Amino acid sequence: MITVAALDSLPTPVVAIELEAMEANIRAMQEVCTRHGVQLWPHIKTHKMVEIARRQLAAGAAGLTCAKLGEAEAMLPSGVRRIFIAHSLVDLRQAPRLRRLRESLDELVLAVTSPLHAAALERLLAHAGLTLPVLMAVDTGLGREGARTAAGAQETARAIAASPHLRLIGLYTHEGQTYGLPPAERPAFTRDVLARLAAVRDTIDPRLTLWPGCSVTASTMAQLPGVHAVRPGAYVLADLALAETTQVVGREGCALTVVATVVDKPEPDLALIDAGSKVFSSDKTPAGHAGRAADGRDLNVVRCNEEHGYVRGSDVAGVAIGDRIAFIPAHVCTVVNLTDTVAVVAQGRLAATWRVDARGKVT
Ligand SMILES: Cc1ncc(COP(=O)(O)O)c(C=O)c1O
């Protein structure tokens with residue numbers, strides 16, 4: 001857990017990463033993937049940092065997953081050679097950037113999310129003069145991109161086969177609805193997602209590879225037969241969604257905290273801190289918390305204005321103006337995207353400041 005004292009020299013609010021906890025998360029996920037011969041393509045949308053991507057690759061990640069071209073471009077200094085962009089690219093203006101990105105890598109894999117999208121991506125790649133491997137999206141219950149039925153997937157596969165610049169290599173899904181499942185239902189659910197993906201695949205071509213992707217299911221998926229690659233993102237830093245809502249990790253796995261200062265106590269059971277929605281983002285746990293004290297005290301960020309967090313809980317009586325408190329955020333990915341830098345704490349000391357290289361890279 002972050003020692004708040006390590007950050008004494010810094011103004012708050014400060015977003016801090018405990019290096020040992022993060023490295024343990026990287027090692028654990030890589031270890032299960034390596035043991036079962038499954039490729040790990042971590043999604044970098046969570047951390048957006050070259051320093052972290054470099055560590056994931058050094059541990060054995062086969063490639064990186066990115067949401068946007070800008071994220072992929074920002075990760076090139078990590079030395080990455082293979083990138084999967086898990087989004088529906090359509091804009092012809094992106095052709096020159098795609099060409100440059102492809103030239104910087106050994107392999108660039110793109111997503112195809114519907115027959116209509118296959119046509120749009122075909123236009124873009126023809127414009128760019130590129131022929132690229134693609135993964136086809138299958139919706140396994142989230143209700144976002146991807147084929148809803150086997151017939152829909154077959155239609156997308158036919159559209160890809162009719163597109164000279166697209167080469168189908170596999171099927172992917174993001175089973176993000178698992179965040180809302182009771183933990184006891186998760187193992188059966190995970191097997192079911194994979195079975196549905198495999199069943200759809202078998203109606204198209206049994207040689208196609210399967211790429212599920214979500215931190216909640218990743219380590220279970222990696223142990224199931226037939227999975228080619230997993231793409232977890234949040235696992236690397238973790239948050240309340242993983243430590244409390246889904247209980248996939250313990251609190252010790254939460255490597256990132258927001259350290260904030262108590263600036264006032266307008267009521268005996270209300271403390272105001274100097275971090276609001278511009279630090280925590282507007283994401284909350286199902287219990288309505290933007291953050292909870294990392295040290296186990298009952299201190300919950302129950303509401304945010306832009307620059308104020310409202311902290312309530314049975315331990316508020318014990319906090320005073322000037323106290324610094326480390327909070328685990330509800331959702332780590334959106335917190336990282338709001339900060340230029342993070343403070344890195346190693347062995348209880350401030351060890352480095354890392355730039356959030358892909359911060360705001362949404363194009
Ligand atoms: C396409 C895709 N793959 C992988 C992930 C990683 O999910 P998580 O952060 O839950 O590990 C996401 C998350 O939004 C995603 O959208």
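The largest cavity in this predicted model has a volume of about 50 Å³. A cavity here is a set of points, on a 1 Å grid over the protein atoms alone, where a 1.4 Å probe fits but cannot get out. The structure holds one cavity of 30 Å³ or more.

Local features need pLDDT of at least 70 and side-chain atom pairs count only at pLDDT 80 or more, while totals for chains, interfaces and linings use all residues. Residues are numbered from 1 along each chain as its sequence is written, and side-chain values use heavy atoms, with hydrogens and water left out.

**The cavity**
- Its lining (residues with an atom within 4 Å of a point) is made up of Ala-137, Val-138, Asp-139, Leu-142, Arg-144, Glu-145, Tyr-172, Thr-173 and His-174.
- By type, the lining of the largest cavity has four nonpolar, two polar and three charged residues; Ala, Val, Leu, Ile, Met, Phe, Trp, Tyr, Cys and Pro count as nonpolar, Asp, Glu, Lys and Arg as charged, and the others, Gly among them, as polar.

**The largest pocket**
- A pocket is an open set of grid points with protein on both sides within 12 Å along at least five of seven lines, and the largest pocket has a volume of about 840 Å³.
- For both volumes, grid points are joined across faces, edges and corners, and the space filled by probe spheres set on the points is taken.
- Of the 35 residues lining the largest pocket, Lys-45, Arg-144, His-174, His-331 and Cys-333 lie nearest its centre.
- Helix H9 (240–245) and helix H11 (332–336) are the elements that give two or more residues to this lining; helices are DSSP runs (H or I, at least four residues), numbered from the N terminus.
- The pocket lining splits into 12 nonpolar, 13 polar and 10 charged residues.
- The largest pocket lies between domain 1 (4–16 + 249–347) and domain 2 (23–236), because both give residues to its lining; the domain bounds come from an automatic or database domain assignment.

**The ligand**
- Around the ligand are 13 residues, of which Lys-45, Arg-144, Tyr-179, Ser-215 and Gly-233 come nearest; a residue counts if one of its heavy atoms lies within 4 Å.
- Polar contacts are pairs of N or O atoms within 3.5 Å.
- An N or O atom in the side chain of Tyr-179 is 2.6 Å from an oxygen atom of the ligand.
- For Ser-215, a side-chain N or O atom is 2.6 Å from a ligand oxygen atom.

How values were computed
Polar contact = N/O pair within 3.5 Å; in protein donor to acceptor, adjacent residues only side chain to side chain.
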